[in-house]
Amino acid sequence: MGGFCMPIEVNRSARTWTLSGGNTSYVLHVDQQDRLLHLYWGPRLPGDALSFDPADYFPYVSFDLPVAMLPLELPVCGSGWYGTPAVGIRNSCGDDVTDLRFVSARVLPGKPALTGLPAVYTESADEAESLSILLKDTLTGLRVTALYTVFNASGAIMRSLLLENLGDAPLMITSLQPASVPFWRSDLDLIHLNGAWARERRIHRTPVDKGEFRIASARGASGHEENPFLALCERNADEFSGSVWGCSFVYSGSFQASCRVDLFSHTRLSIGMNPEVFSWRLEPHESFTSPEVVLIYSDKGLNGLSQQFHALYRSRLVRGIWRDRSRPVLINNWEGTYFDFDEDRLLSLAQKAAEIGVELFVLDDGWFGKRNSDNCSLGDWTVNSEKIPGGLGALADKMHALGLCFGLWLEPEMVSPDSDLYRAHPDWCLHVDGRPRTLARSQLILDLSRPEVQEYIISVVSSVLSSAALDYVKWDMNRNMTEAFSALLTPDRKKETQHRYMLGLYHVLETVTAAFPDVLFESCSGGGGRFDPGMLYYMPQIWTSDDTDAAERLKLQYGTSVVYPVSAMGAHVSDVPNHQTGRSVSLKTRGNVAIAGNFGFELDLARLSREELIEARALVARVKQVRDLTRAGTFWRLLSPFDGAETAWSFVSEDQREVLLCVYSTISVPNSAPLRVRLRGLLPDVWYKTEDGRRFYGAALMHQGITVFLHGDFDSTLLLFKADR
Ligand code: GLA
């Protein structure tokens with residue numbers, strides 16, 4: 001795939017640019033009036049396949065202005081286009097009329113970095129090519145650089161916008177959608193990942209309809225409710241076939257994504273900043289860079305889309321030494337002890353964990369200040385010496401002596417009103433003078449848009465990380481923003497607060513992760529409230545959800561996998577009855593679900609029987625046997641928990657010679673035939689052998705399937721196949 005010509009073909013006379021990679025092309029054109037138009041995004045085409053004919057766009061009779069019918073690549077306000085603008089600008093005269101005309105275009109090797117923002121990267125310049133298109137609004141002096149990158153092998157495309165004020169009066173950015181893509185049809189379905197705390201990222205699919213469909217977060221985090229992702233697909237597309245177009249916003253703050261079908265039944269998909277909580281004043285000579293959007297087209301259904309996202313995010317978004325490494329089997333004490341622990345209890349848990357093969361002990365909330373419940377001490381990141389008399393350094397040494405790595409929970413973006421930090425700096429939190437400071441979980445959010453707050457967090461986290469031999473950090477963020485207007489900003493800049501917070505957070509994360517490159521960082525936000533590509537750039541894994549119930553986890557992990565690789569998902573075996581749902585699922589099935597993620601335990605091992613501890617030890621051995629396959633293998637969704645009582649997924653090694661099939665049932669159905677699961681992505685003409693010696697022909701496994709016997713509620717099985725010859 002790819003490589004038969006340059007990824008970006010330029011046709012100067014036709015003023016057309018064709019970005020191609022894998023089996024995808026994306027075509028841009030500049031018309032005679034110097035407007036940037038979108039001609040195509042879909043299956044790969046040669047560079048000369050498409051040209052622009054105005055007659056294709058204009059009906060014989062219409063009262064609408066021609067510009068409303070054009071497939072504008074960067075729609076703007078005020079001269080005949082009526083939807084959400086990709087670039088919305090209010091000028092110093094108070095109007096928002098903007099007129100972007102083409103100036104020049106340049107092809108660049110590789111992919112330029114987006115300073116201060118998370119972004120997909122290349123490791124060598126020949127992996128991708130970029131196109132920089134300059135446009136200008138002459139009256140205001142606004143210059144826009146639309147930056148595109150296309151990956152040669154996969155066809156993944158990134159889009160971002162650089163806005164520069166070359167005029168002599170300030171401009172106000174009121175809307176910014178780095179991706180805004182028109183489709184010449186509306187016979188499509190829309191897919192988004194909707195949820196709530198403890199039930200994040202459910203797959204929702206709905207027919208595209210007239211009018212506008214919008215998802216958004218204004219919470220100052222990407223949020224539990226919607227994920228910064230939207231896809232369109234053909235009505236008959238399924239997991240395995242059909243066209244799907246996906247947009248994923250590489251950002252962790254508030255966002256919006258919309259799908260609008262206009263009066264001509266054309267559809268426009270856009271994603272970017274949420275104008276309810278974002279605007280930005282651009283002084284003369286200042287510039288603003290938008291976060292980027294990743295666009296992926298698949299002609300192989302939703303699995304095809306997801307597999308491309310997984311490969312890209314796993315290898316060209318995640319960074320650092322943990323990117324390509326097996327992740328340690330961990331035990332986290334949160335659901336095992338909550339706040340009720342002391343050093344002896346932790347060490348006895350650690351001892352038991354070491355005995356069953358666990359590799360990392362994570363000390364969760366409650367080790368600092370005087371925190372014995374969630375109502376105090378955030379901000380006071382010094383060890384509670386009543387609970388841990390010898391301090392963190394000595395505890396880390398004891399953990400290491402048991403053969404365990406040691407990690408810690410931190411929630412550095414927060415402050416409790418009952419904390420020394422708050423008493424010293426009551427003005428450091430997000431607040432509005434004269435209004436109550438709205439508490440959530442008894443805490444307030446530090447104003448990370450302020451440089452001194454960023455520096456405080458960098459220094460306090462660095463000193464905790466230097467005070468003990470820490471191998472891992474769980475970086476939590478447990479509430480959404482209120483009164484999100486920084487005290488330091490002037491009135492016309494107040495709506496910059498949320499984005500400035502994100503830039504501040506990214507600066508903090510970049511500094512801390514660079515200073516401690518060996519530490520494994522896991523992001524968390526009340527479970528999966530900030531499960532987005534932005535956080536993945538800094539931290540290779542994310543706590544998927546506070547819901548650890550195995551049956552619910554099937555939906556959680558299945559839905560999350562639409563965009564995110566399994567290597568990003570924390571997955572723990574917890575106690576029964578489950579603390580979130582009250583449901584009891586066997587240890588076998590809890591293990592078989594958690595094995596399909598970054599595996600851990602989150603329970604008091606003292607509550608397990610001798611038999612259960614033996615089972616847990618075997619489970620850990622199994623995790624270690626398959627974890628490279630689950631981390632780096634191709635993930636296939638086979639049977640959906642959203643469609644019926646059975647769920648199946650599989651992991652196929654890169655050489656297709658090793659396969660792990662995972663099958664689960666929820667509520668059993670009487671008098672039902674044994675389940676047949678058809679595998680995908682195998683070598684058709686190779687024999688595969690299971691661990692119990694059964695042999696299956698690859699094509700037969702894919703077309704006839706394998707019979708799987710499950711019995712009772714919440715049963716499950718794992719089958720490991722290896723190519724026989
Ligand atoms: C959040 C996290 C949990 C746990 C608690 C501790 O809810 O998602 O995993 O760390 O905070 O307070």
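This is a predicted model: local features need pLDDT of at least 70, side-chain atom pairs count only at pLDDT 80 or more; totals for chains, interfaces and linings use all residues.

Trainee: Fine. At what angle do α7 and α8 cross?

Mentor: Helix α7 (residues 451-467) and helix α8 (residues 497-515) cross at roughly 30°, and their axes come within 10 Å. That makes α7 roughly parallel to α8, a label given to angles under 35 degrees. Axes here are lines fitted to C-alpha atoms, for helices over the stretch in contact, with angles from 0 to 180 degrees between N-to-C directions. Helices are DSSP runs (H or I, at least four residues), as are strands (E, at least two), numbered from the N terminus.

Trainee: Which residues meet there?

Mentor: From α7, Gln 454, Glu 455, Ile 457, Ile 458, Val 461 and Leu 465 meet Gly 504, His 507, Val 508, Thr 511 and Val 512 of α8, contact meaning heavy atoms within 4.5 Å. The contact of α7 with α8 has six nonpolar, four polar and one charged residues. Ala, Val, Leu, Ile, Met, Phe, Trp, Tyr, Cys and Pro count as nonpolar, Asp, Glu, Lys and Arg as charged, and the others, Gly among them, as polar.

Trainee: And how do α10 and α11 lie?

Mentor: α10 and α11 are roughly parallel to each other. The axes of α10 (residues 550-560) and α11 (residues 587-594) come within 9 Å and cross at roughly 15°. Their contact is made by Ala 550, Arg 553, Leu 554 and Gln 557 of α10 with Thr 589, Arg 590 and Val 593 of α11.

Trainee: Changing topic, how many residues are in the largest nonpolar core?

Mentor: That core has 193 residues, and Val 87, Trp 367 and Phe 601 have the most contacts inside it. Its largest share, eight residues, comes from α7. Apart from it lies another core, of 21 residues, among them Leu 661 and Ile 706. A nonpolar core is a set of buried Ala, Val, Leu, Ile, Met, Phe, Trp, Tyr and Cys residues joined through side-chain atoms within 4.5 Å. Buried means under 20% relative accessible area, exposed over 50%, and partly exposed in between (1.4 Å probe, protein chains only).

Trainee: Is Leu 346 buried or exposed?

Mentor: Leu 346 counts as buried because its relative accessibility is 0%. Its place is in helix α4 (residues 343-355). Leaving aside neighbours within four places in sequence, Leu 346 is in contact with Asn 333, Phe 341, Phe 361, Leu 363, Leu 395 and Met 399.

Trainee: Which residues of α5 are buried?

Mentor: In α5 (residues 391-401), Gly 391, Leu 392, Leu 395, Ala 396 and Met 399 are buried. Their cover includes α4, β23 (360-363), β24 (405-410) and α7.

Trainee: Lastly, which peptide bond is cis?

Mentor: The bond from Val 576 to Pro 577 is cis, with omega near -10°. Pro 577 sits in the loop between β30 (569-574) and α11.

Trainee: What is the phi of His 285?

Mentor: His 285 has a positive phi of about 75° although it is not a glycine. His 285 lies in the loop between β19 (280-282) and β20 (287-289), and is exposed, with a relative accessible area of 72%.

Conventions
Residues are numbered from 1 along each chain as its sequence is written. Side-chain values use heavy atoms; hydrogens and water are left out. Angles under 35 degrees count as roughly parallel, over 145 as roughly antiparallel, 65 to 115 as roughly perpendicular and the rest as oblique.
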